Amino acid sequence: MSALLSVTNLSKEFGGVHAIEALSFDVQRGHVHSIIGPNGAGKTTLFNLVTGLYQPSAGTVTLGGRDITGRAPHKLCEMGMARTFQNLQICMNMSALENVMLGRHRHLGSGALAAMLKLPGLRKADRDCREHCRELMAFVGCGDYQDHAASAMPYGALKRLEIARALAAEPDILLLDEPAAGLNATETDALRSVIQKIAGKGITVVLVEHDMKLVMKVSDHLLVISYGRKLAEGTPEEIREHPEVIAAYLGGGTREPRTQEVPA
Amino acid sequence: MKGAGTMKKNILMSPYGGLLLLTLILALMPLAVSNDFHYDLLTKICLTATVAVGLNLLVGYAGQVSLGHAAFYGAGAYASAILTSQYNLSPMVALLSAAAGVGVLAWLVGRPILHLKGHYLSMATLGLGVIAAIVLNNEEQLTGGPDGIGLPPLSLFGHELSVFGEYQFAGLTLTGVELWYLLAAAVLVVAVLLALNIIDSPLGRALRALHGSEIAAQVAGVDTAKYKLRVFVISAVYASVAGSLYGHYSGFITPTVASFEHSIELITIVVLGGMASTFGVIIGAAILVLIPQFLTDFQELEMVVFGAILMAVMIFLPRGLLPSVLQRLQRGAQ
């Protein structure tokens, strides 16, 4: 098995605060790799660094062996990386289906002339895209909202809509940022089966999530970070027994108290 | 849950149904008007609406505000004037060259300024408009300065189309004014068709995504800088073509075509008619061309009235005239 995503000595500073500090880890191809840690540990910052929304202060990120450090998000999408957001990034001026169709951007010709003249090739590709995206919406469990305006959808459905949009790009690797946040138990259960089905398609999944039950059930491998540093790494069973992780989560006294300030 | 959010497909809401309706209205308009003055207004409405439809792609759909769009309108008009009168090009060749030139100009100008966001982009485009007006006023040898510059009548396939002429078609006698209206109406219909096609395409989705969530667009693979530049160029070419036609129609242009006031008028049309509503901005154009006709006795009040209308729309109909009205009709139907 080979590493699809490799992060080496990655660091990010915000005005003197080390949000991520010399972090290294590998994500194996085909794994569901979860990243957990207390609030403010730097999980979302890590996602933003890996997906090109932030520029790292130091370190490298490689995808399939190619250096992608600091590359623009749209280029990473073309290379097969897709993601969702903790605080949704949905185009509220578009319909639900159009949001998913936006995700297929990299697979569609987008020439201005072809668009203006509605050339038959483009028209057919767009029709196929529409069908494919309807199926994707049903797959993630928000098929009931296909003809709705995005702005008319409830929160739980919007979270799934983002996953459908990310899948529309046909990524090799999918990064999910707290997909279960704000979902009830039934919805979380449905989400778990969606994540497992995605993994079953051979898509590598990187998951940031607070819901431990969900994480322990779906993950092949876990990375625990705290204050921007790696705390522990291993299988769900190893992490469950790890003393430092227990301390970080339950506030035990096995570690020296840290003097580092909380990131602003 | 079904209902409120469902996008119903009735003929008015479907864009191409709207295009059919527009074509019908434009075709039947001659039955409702009687004199040259009315045709003159209709022609001006069609040409202004053409600019607005292009500007709406940039402002309404892609969410990038330009406060200097009259610069491209003026550039098209002046390029046509200079190319026909000083370089003896035929009007159609001049119009197409002007459109290509303005497209390149928009690309060159757009590259640096489209990296700006929000108010900063507005300020940069405002500056662009001011520069254009200054150049047209001061390059007297080329542009005629504040006195303006004349244009020959338009010629199509070797036939001259003068507002003062009379033309025979299959036993029908049409005046030049009537023919000009038909030409301007046809241009508007084509402009709308192309715009609708763009909106309903991957390109159109990418543009609307710029407005909805630029981050979503980026992670979905949209090169946002490239797409902003693209829609900027497209909307500039729309303005250039309409500007060239207006120049030939009126036969004489002054730097006011590229003035700051004209840019504001264009953005008012888009906001008034309805951002991201192609048919709304046509209504907006009609209103803004007609208002001065009702205010001929109080010309100095024109800008005041424009301002008051803009404020009233922002307060009472923030989505613009047509979208707000359609929304109410839809609610009433349920």
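Trainee: In the hairpin of β1(A) and β2(A), which residue takes a positive phi?
Mentor: G15(A) does, with phi near 50 degrees, and the hairpin has 2 residues between the strands. Keep in mind that this is a predicted model, where local features need pLDDT of at least 70, side-chain atom pairs count only at pLDDT 80 or more, and totals for chains, interfaces and linings use all residues. Residues are numbered from 1 along each chain as its sequence is written, with chains lettered from A and ligands numbered from 1 in the order in which they are written.

Trainee: Do β1(A) and β2(A) pair in the parallel or antiparallel sense?
Mentor: Antiparallel: residues 3–14 and 17–28 of chain A pair over 8 bridges. Strands are DSSP runs of E with at least two residues, helices are runs of H or I with at least four, and both are numbered from the N terminus; pairing takes at least two DSSP bridges.

Trainee: And what stands opposite L5(A)?
Mentor: That's V27(A) in β2(A).

Trainee: Switching topic, how many residues of chain B are in contact with chain A?
Mentor: 29 residues of chain B, facing 36 residues of chain A. Contact means that C-beta atoms, placed from the backbone, lie within 7 Å.

Trainee: Which element gives the largest share of chain B's side?
Mentor: α8(B), with 9 residues.

Trainee: Which residues in α10(B) does α8(B) meet?
Mentor: A206(B), L207(B) and L210(B) in α8(B) meet T224(B), Y227(B), K228(B) and V231(B) in α10(B).

Notes:
Contact = placed C-beta atoms within 7 Å.
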